[in-house]
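Look at the sequence and the structure first.

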Amino acid sequence: MNLTESLLHSLKEHGARQIFGIPGDFALPFFRIIEQSKILPLYTLSHEPGVGFAADASARVTMSLGVAAVTYGAGALNMVNAVAAAYSEKSPVVVLSGGPGKGESRSGLLLHHQAKTLDSQLQMFKEITCDQVKLDDAARAPADIARVLANCLRNSEPVYIEIPRDMVALPCAPVIRQDDPEIDRDALDACVDEILARLSQATSPVLMAGVEVRRFGLEEQVALLARRLGLPVVTSFMGRGLLAEHDAPLVGTYMGVAGLPEVTRLVEESDGLFLLGEIVCDTNFAVSETKIDMRKTIQALDGQVTIGYHSYAQLPLAALVERMLERVEVHERSFAVVRQTFCYNLPADEQCIAPTDIATAVNDLMARHGKMTIASDMGDCLFTAMEIEQTALVAPGYYATMGYGVPAGLGVQAATGERPLILVGDGAFQMTGWELGNCRRYGWDPIVLVFNNESWEMLRTFQPESSFNDLGRWDFAQMAAGLGGDGVRVSTRGQLKAALDKAVATRGRFQLIDISIPRGVLSTVLQRFVAGVKRINAVK
Ligand code: TPW
Ligand code: MG
């Protein structure tokens, strides 16, 4: 076995299902081994941000490693934003980068793709990954790979592996997977005692489920725990889509001033808020008029539990949930939860289309044809997704990068084989929409809804006086044919309905619906968000 094969087998053993990538001269040798060894399928895309986003989405949707393979410098540095997004939203992406051979590094010449020093790239990725290795020693490589991949899964954060191009084919031993570290059972029990006592003293406890619940594959256990404890469950904006396929007492999505008042009240008035795997960030929590006192909550995140003013270190979420389930008596409490309601039955009339109509049309579609996984970009499309019934969702709800939606949808279809629904604004489509051109080669056929308001509308909402937010009309429907798919432009609700029906019925080619939305027309959720933010800012 050579070094690259040893790495590929280990990636597969740790849960990777495929590799997304773009080669370059520093990466050609290891790409050759990826292709010839057939250990993992390789999907090449067109631009490195797309590679990073596809790998990130595949990690999120399969709850295991996503792999992004690139060349040194121009390739890897093109992917910094996507990896930063994965880091901040806790997606376990493995960056595989080619690198200068050991011999070349000593040549004394500057090498092409080199930024400042030969290690500049490694230094940059240190900032946005939880562990790194340069595989420049074949004897040490198996232990290094085992450590890095274990950390990737344990922390659910990206890692960086650089392969000098003259190392790829050296003989190498297989990687032996690391055992998980021992857990301090006494600390775990003390922690569980304290949490259960707090929750039972509270008059209105609430469980808020965050992305770590999905990253660590705990949705079923958390749904069961909530039922046993009789706790209503909410997700955050970032956690939207969690527990959608599980029997949890799910009330809705907490969005402070932008959310439904009953969900906002439930969370903000709770005297026992249990944040399970929740990223404590502004998009999840800053949009509130009543500031939540984090010191009064119970927070389990990043392998530690914080209760009030003290913390228990090194308690992984899975161990915590498992122990809580063992400790809570087996009978399940039934209690009434008021669930969010959604709109159905879009009239097939001549009216122009508002974002909320798209949510209704998607609800109709899923009611008839079954639920689909949604990949959404940043923009009003993501706020509109909050008006779509609970279904699996991958989206950059916290880091909020544009360009995510299309490549994420491709990542979802590659990883699961299932046809996704992609929601994307015209501005974001301009960034990464071209990646759809790769669908034909691989047989992917996503349904793509472009929210085309000829505008950076979210920005206009906050600063209406700036005309630089006008984008002009791009005819995305026309472009679809050139990219190997079918495109149609719609501007009335009747046309939207008909186009969606046709898209669902047509398999084998991507289906793009370019939806004209008048400028200034926002989803109901984004309207509430903007009004709320303006209210909060007026008080400050
Ligand atoms: C990579 C900043 C946030 S929202 C937005 C911009 C430019 C406008 C989005 O326009 P789009 O959607 O896609 O047409 P909509 O509904 O608002 O009309 N660069 C990156 N990420 C972000 N978030 C920005 C800039 C931004
Ligand atoms: Mg737009």
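Which helices each supply at least two residues of the shell around ligand 1? They are helix H18 (426-432) and helix H20 (457-462). Helices here are DSSP runs of H or I with at least four residues, and strands are runs of E with at least two, both numbered from the N terminus.

This is a predicted model, in which local features need pLDDT of at least 70, side-chain atom pairs count only at pLDDT 80 or more, and totals for chains, interfaces and linings use all residues. Residues are numbered from 1 along each chain as its sequence is written, chains are lettered from A and ligands numbered from 1 in the order written, and side-chain values use heavy atoms, without hydrogens and water.

**Ligand 1.** H18 gives the most to the shell, with four residues. Among the 16 residues around ligand 1, the nearest are Ala400, Asp426, Gly427, Ala428 and Met458. A residue is near if one of its heavy atoms lies within 4 Å.

| Residue | Distance to a ligand 1 oxygen |
|---|---|
| Aspartate 380 | 2.9 Å |
| Serine 455 | 2.9 Å |
| Glutamate 457 | 2.9 Å |

Taken alone, ligand 1 exposes 590 Å², and the protein buries 78% of that. These areas come from the Shrake-Rupley method with a 1.4 Å probe.

**Magnesium.** Asp426 (OD), Asn453 (OD1) and Ser455 (O) coordinate the magnesium ion (ligand 2) at 2.0 to 2.1 Å. Donors are N, O and S atoms within 2.8 Å of the metal (3.2 Å for Na, K and Ca). Their spacing in sequence is D-x26-N-x1-S. Aspartate 426 lies in helix H18, and asparagine 453 in the loop between strand S17 (447-452) and H20, 27 residues apart.

Note on methods
Polar contact = N/O pair within 3.5 Å; in protein donor to acceptor, adjacent residues only side chain to side chain.
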